[in-house]
Amino acid sequence: MQKLSNPSLLLLRNEEELHGNKVLVINHSDDGFLSELANLNSSAQIYAFSYNFADHLAASKHSNINSFVGHSLPSIENLDLVIYYYPKSKPEANMMLSNIRANLGKATRLLVVGENKGGVKSVEKQLKPYAQASYKLDSAKHCILYEFNDLEAQERFDIADYHQIFSVKVAEQNFNAISVPGVFNHGKLDVGTELLLNNLLIPSKGAVLDFGCGAGLIATFMLNAQPSLSLHCLDVSALALYASEQTLELNGHSGTFILSDGLGQVTHQFDAIVSNPPFHTGLNTDYSIAEAFIANAKHKMKKGANLQIVANSFLKYPPIIDQHFSQFKTEVKNSKFAVYRAQKA
């Protein structure tokens with residue numbers, strides 16, 4: 001049985017607040033809450049929305065839940081109740097709250113739940129100008145549950161209003177990129193990716209996979225150097241894929257964009273796989289994610305293809321890579337990051 005998160009437990013201890021004919025849950029995790037909600041609302045229409053493809057897949061397994069994934073909310077009329085799990089990113093929350101207000105009716109109740117350390121208290125200030133009534137319904141397990149009523153509707157929502165254009169200068173290249181809130185290292189080139197790009201072996205032709213593409217910096221860098229490459233950008237986040245597509249287009253490039261949890265949706269074979277991979281689960285290092293990616297990457301690579309990744313230098317990735325690739329070396333290593341390159345024999 002799945003272990004309910006603390007925000008979900010707080011919601012369920014206020015089950016009298018969770019009823020409606022049309023209910024939308026946003027930013028849920030795969031912890032069993034949607035099943036509990038469906039049991040409480042056996043005759044209701046329940047919708048789930050996430051930016052995250054893995055959470056969308058989990059929600060889709062419920063026959064009585066309509067799940068959506070994307071960079072903006074679907075249009076659902078006459079919602080009685082919206083339940084929003086507050087994210088760790090305040091700018092992402094600002095964007096989603098605007099998106100919610102563009103999809104609300106006057107009668108829609110909004111419940112916002114989150115952890116204190118995740119900044120959920122910020123929602124009071126974020127929604128105060130737009131809510132006729134707001135209540136702190138409950139608090140427990142270092143979480144707070146808020147209710148907002150009679151929210152002022154927003155006329156429209158356009159994610160393009162949240163674009164942040166920033167300059168990337170690395171390895172004798174200078175180009176602009178587009179990011180949106182909720183994307184990894186929003187609005188800047190992170191130091192790990194910078195180290196990777198400064199030590200990147202770019203193939204002269206063929207197909208390349210940018211795994212965990214973020215805002216498309218690696219893909220754009222490679223296409224700037226070799227415009228004939230076929231770039232495939234993959235991420236579990238629909239926001240990241242959207243940002244990658246915008247960044248490539250801004251620089252006159254095109255690519256293939258794959259929304260996937262790991263390599264599950266990948267059908268191609270590649271001449272190179274490049275990644276600053278998301279090998280963390282929350283605050284914990286999860287080697288099972290690393291092992292699965294590296295083992296499966298081998299099956300998506302052509303003979304002689306290179307796998308190039310950057311990772312925190314203290315993480316024990318060399319034994320994992322060495323287990324699956326006979327030709328492997330550390331390209332560069334400093335106190336923070338290491339770049340590894342492995343070749344499929």
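My entries below go from the domains to helices, then to salt bridges and single residues.

**Entry 1: ground rules.** I am working with a predicted model, where local features need pLDDT of at least 70, side-chain atom pairs count only at pLDDT 80 or more, and totals for chains, interfaces and linings use all residues. I number residues from 1 along each chain as its sequence is written, and my side-chain values use heavy atoms, with hydrogens and water left out.

**Entry 2: two domains.** I looked up the domain assignment, and it gives domain 1 (6–159) and domain 2 (163–344); such bounds come from an automatic or database domain assignment. Taken over C-alpha atoms, the two domain centres are 32 Å apart. I then asked how many residues of domain 1 are in contact with domain 2. I found 12 residues of domain 1 in contact with 13 of domain 2, where contact means heavy atoms within 4.5 Å.

**Entry 3: the interface.** The size of an interface is often given as the accessible area lost when the parts come together. Here domain 1 and domain 2 bury about 1100 Å² between them, with 74% of that on carbon and sulfur atoms. Buried area is the accessible area (1.4 Å probe) that two parts lose on being put together, summed over both. On the domain 1 side, Tyr51, Phe53 and Ile159 supply 45% of the area buried against domain 2, more than any other three residues.

I also checked the polar side of this interface. The rule finds 0 salt bridges across it; a salt bridge is a side-chain nitrogen of Lys or Arg within 4 Å of a carboxyl oxygen of Asp or Glu. There are 2 residue pairs in polar contact between the domains, both at pLDDT 80 or more. A polar contact is a pair of N or O atoms within 3.5 Å; within protein, one must be able to donate a hydrogen and the other to accept it, and residues adjacent in sequence count only if both atoms are side-chain atoms. H3 and helix H4 (90–101) each supply at least two residues of the side of domain 1 that touches domain 2. The largest share of that side, 3 residues, comes from H4. My helices (H or I, at least four residues) and strands (E, at least two) are DSSP runs, numbered from the N terminus.

**Entry 4: helix H2.** Which residues of helix H2 (residues 33–40) are buried? I get Phe33, Leu34, Leu37 and Ala38. They cover an arc of only 135° around the axis, which puts them on the same side of H2; the arc is that of the directions from the helix axis to the C-beta atoms. An α-helix has 3.6 residues a turn, so residues three or four places apart point the same way. The cover over the buried residues of H2 includes helix H1 (6–12), strand E1 (22–26), strand E2 (45–50), helix H3 (53–60), strand E3 (65–69) and strand E4 (81–85). For burial I use relative accessible area: buried is under 20%, exposed over 50%, and partly exposed in between (1.4 Å probe, protein chains only).

**Entry 5: helix H7.** I turned to helix H7 (residues 217–225) and found 7 of its 9 residues buried, so H7 is largely enclosed by the rest of the structure. The buried ones are Leu217, Ile218, Ala219, Thr220, Phe221, Met222 and Leu223.

**Entry 6: salt bridges.** My search of the whole structure finds 9 salt bridges. One of them joins Lys302 and Asp271 at 3.3 Å, N to O. Lys302 lies in strand E16 (residues 301–312) and Asp271 in strand E13 (residues 270–275), so this pair ties together parts 31 residues apart in sequence. Both ends are partly exposed, Lys302 at 36% and Asp271 at 25%.

Glu331 and Arg341 also meet in a salt bridge, at 2.4 Å, N to O. Glu331 sits in strand E17 (residues 327–333) and Arg341 in strand E18 (residues 337–343), 10 residues apart. I noted Glu331 as partly exposed, at 28%. Lys117 and Glu115 pair up at 4.0 Å, N to O; Lys117 is exposed at 73%, while Glu115 is partly exposed at 32%. Glu17, Arg109 and Glu147 are linked in a network of salt bridges.

**Entry 7: Gln308.** Is Gln308 buried or exposed? Gln308 is buried, with a relative accessible area of 1%, and its place is in strand E16. Not counting residues up to four places away in sequence, Gln308 touches Leu196, Asn199, Leu200, Leu201, Ile273, Val274, Ser275, Tyr340 and Arg341.
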